[in-house]
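Here is a friendly briefing to read with the model open beside you.

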Amino acid sequence: MNALSEQILSELRHLLSEMSDGGSVGPSVYDTARALQFHGNVTDRQDAYAWLIAQQQADGGWGSADFPLFRHAPTWAAMLALQRADPLPGAADAVQAATRFLQRHPDPYAHAVPEDAPIGAELILPQFCGEAASLPGGVAFPRHPALLPLRDARLVKLGAELGAMATLPSGHPLLHSWEAWGTSPTTTCPDDDGSIGISPAATAAWRAHAVTQGSTPQVERADAYLQAASRATRSGIEGVVPNVWPINVFEPCWSLYTLHLAGLFAHPALAEAVRVIVAQLDARLGVRGLGPALHFAADADDTAIALCVLRLAGRDPAVDALRHFEIGELFVTFPGERNASVSTNIHALHALRLLGKPAAGTSAYVEAHRNPHGLWDNEKWHVSWLYPTAHAVAALAQGKPQRRDERALAALLQAQRDDGGWGAGRASTFEETAYALFALHVMDGSEEPTGRRRIAQAVARALDWMLARHAAHALPQTPLWIGKELFCPTRVVRVAELAGLWLALRWGRRVLAEGAGAAP
């Protein structure tokens with residue numbers, strides 16, 4: 001066990017030291033399909049098309065059947081891209097299967113728009129409907145009617161913004177979905193990384209329009225960006241790209257925050273790697289806050305986590321950067337967003353408490369957004385309830401070491417699967433099991449002996465499950481984070497997996513040494 005703990009710390013150190021390359025993100029069906037559709041030349045992207053076809057599920061759709069809300073965007077995108085690749089092996093069959101999927105599966109936007117709808121759905125899905133209308137055969141595809149008023153309102157707002165400034169500034173949030181509304185490359189230009197809105201799909205669309213206008217230097221920058229984004233997937237296939245990139249603020253921020261949840265933030269073995277990242281964040285945090293990437297708009301979520309990390313490192317950052325996003329008693333992730341995020345407010349609460357600032361309103365908002373079981377779900381940035389629950393438990397306990405949450409503890413223990421893991425879908429995942437352990441770690445500190453024994457038993461079962469599945473330097477594969485489809489920020493998830501395993505190992509050693517119910 002000691003050898004495994006050392007191996008975990010070594011891998012964590014390695015992951016933290018890599019976080020200067022823009023970030024690691026798993027491959028995206030949606031963005032790869034859009035990039036292929038805009039690329040124009042099928043023959044020099046045959047490997048990417050083959051990868052796309054290989055991701056199709058048995059029912060004809062793309063994306064996990066566990067989370068049907070997030071399947072329409074990748075399925076539409078893949079089907080429309082493969083329409084152009086008919087001569088390639090398997091392409092025609094894949095299109096037929098996708099057509100059947102779209103015809104037969106319920107339209108999630110027939111009557112209302114779910115709170116946790118994917119990013120840009122109101123622009124992206126209606127556009128796909130328009131493209132499909134020109135296909136031969138008169139197929140009755142879904143129409144997503146509930147999205148149309150949102151799309152119209154978004155386009156009106158966009159028109160007003162473009163009318164006021166002619167071009168959107170680099171990093172504007174609406175640029176992330178440029179492929180769904182942009183037609184003129186003069187509405188923006190690539191940022192310093194060469195991207196349009198840190199989106200491969202948007203960048204590929206912008207590049208295709210720019211080529212027709214002969215904007216060669218800008219096109220070359222977009223090309224370089226798309227190549228770098230493709231490398232970030234570690235797929236080894238040219239043209240296979242992630243859902244978002246770079247994530248050079250989000251990745252280190254969330255990784256260090258996760259270390260704190262596991263009690264690893266101040267571990268001597270990680271001290272130098274943590275120090276380097278903290279120094280970078282300290283230098284980057286300005287009065288407007290931080291976004292997921294250096295050249296993207298600031299938001300409350302990334303700003304709050306950065307404040308948490310800096311305070312945990314002993315810095316004294318100003319809370320003013322977070323106040324820009326405060327409206328009444330809640331925090332919006334981006335100004336003008338359709339609905340507030342529970343986890344953004346959880347992170348704002350944690351930051352405020354760490355900084356010793358009043359947070360009664362935010363605390364009340366977080367408490368009010370539990371489900372009937374006492375847990376947190378319906379989160380707009382992550383598909384699993386275990387993510388906001390772990391973070392909420394930590395935020396609410398900050399500065400209140402004796403706080404007990406019997407409802408959440410009972411629900412969390414009851415949700416553990418027979419195999420010892422946790423998961424919001426049909427199977428347990430390493431990432432979600434780690435989140436459960438982070439929450440139990442906080443709860444254990446204020447529990448009575450009986451409760452601590454129950455927690456220790458759950459942790460022991462989770463440890464067995466994790467040990468049976470752990471492999472050194474393995475790449476996480478399960479996409480649970482919400483973008484235009486579900487995606488996997490690889491290093492962020494791997495840090496969570498390793499931190500959860502390390503916590504369970506240390507917990508187990510303490511239990512053996514001190515008797516059942518001991519905590520790390």
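In which loop is H473 found? H473 is in the loop between helix 19 (449–469) and strand 3. This is a predicted model, where local features need pLDDT of at least 70 and side-chain atom pairs count only at pLDDT 80 or more, while totals for chains, interfaces and linings use all residues. Residues are numbered from 1 along each chain as its sequence is written, and side-chain values use heavy atoms, with hydrogens and water left out.

**Largest pocket**

- The volume of the largest pocket is about 940 Å³.
- A pocket here is an open set of points on a 1 Å grid over the protein atoms alone, where a 1.4 Å probe fits, with protein on both sides within 12 Å along at least five of seven lines; lining residues have an atom within 4 Å of a point.
- Grid points are joined across faces, edges and corners, and the volume is the space filled by probe spheres set on the points.
- The lining has 42 residues, and I119, P173, H176, F334 and W381 are the closest to the centre.
- Two or more lining residues come from each of helix 6 (121–133), helix 7 (148–165), helix 10 (250–261), helix 12 (300–312) and strand 3 (481–482).
- Helix 7 gives the largest share, three residues.
- Helices (H or I, at least four residues) and strands (E, at least two) are DSSP runs, numbered from the N terminus.
- By class, this lining has 22 nonpolar, nine polar and eleven charged residues.
- Nonpolar covers Ala, Val, Leu, Ile, Met, Phe, Trp, Tyr, Cys and Pro, charged covers Asp, Glu, Lys and Arg, and polar covers the others, Gly among them.

**Second largest pocket**

- The second largest pocket holds about 740 Å³ of space.
- Its lining counts 36 residues, with P27, Q477, T478, P479 and L486 nearest the centre.
- These lining residues divide into 17 nonpolar, 14 polar and five charged.

**Backbone spots to look at**

- Most residues other than glycine have a negative phi, and most peptide bonds are trans.
- W245 and P246 are joined by a cis peptide bond, with omega about 0 degrees.
- P246 sits in the loop between helix 9 (216–232) and helix 10.
- N378 has a positive phi, near 55 degrees, and lies in the loop between helix 15 (360–368) and helix 16 (386–397).
- N378 is partly exposed at 43% relative accessible area, where buried is under 20%, exposed over 50% and partly exposed in between (1.4 Å probe, protein chains only).
- H473 also has a positive phi, near 60 degrees, and counts as exposed at 53% relative accessibility.
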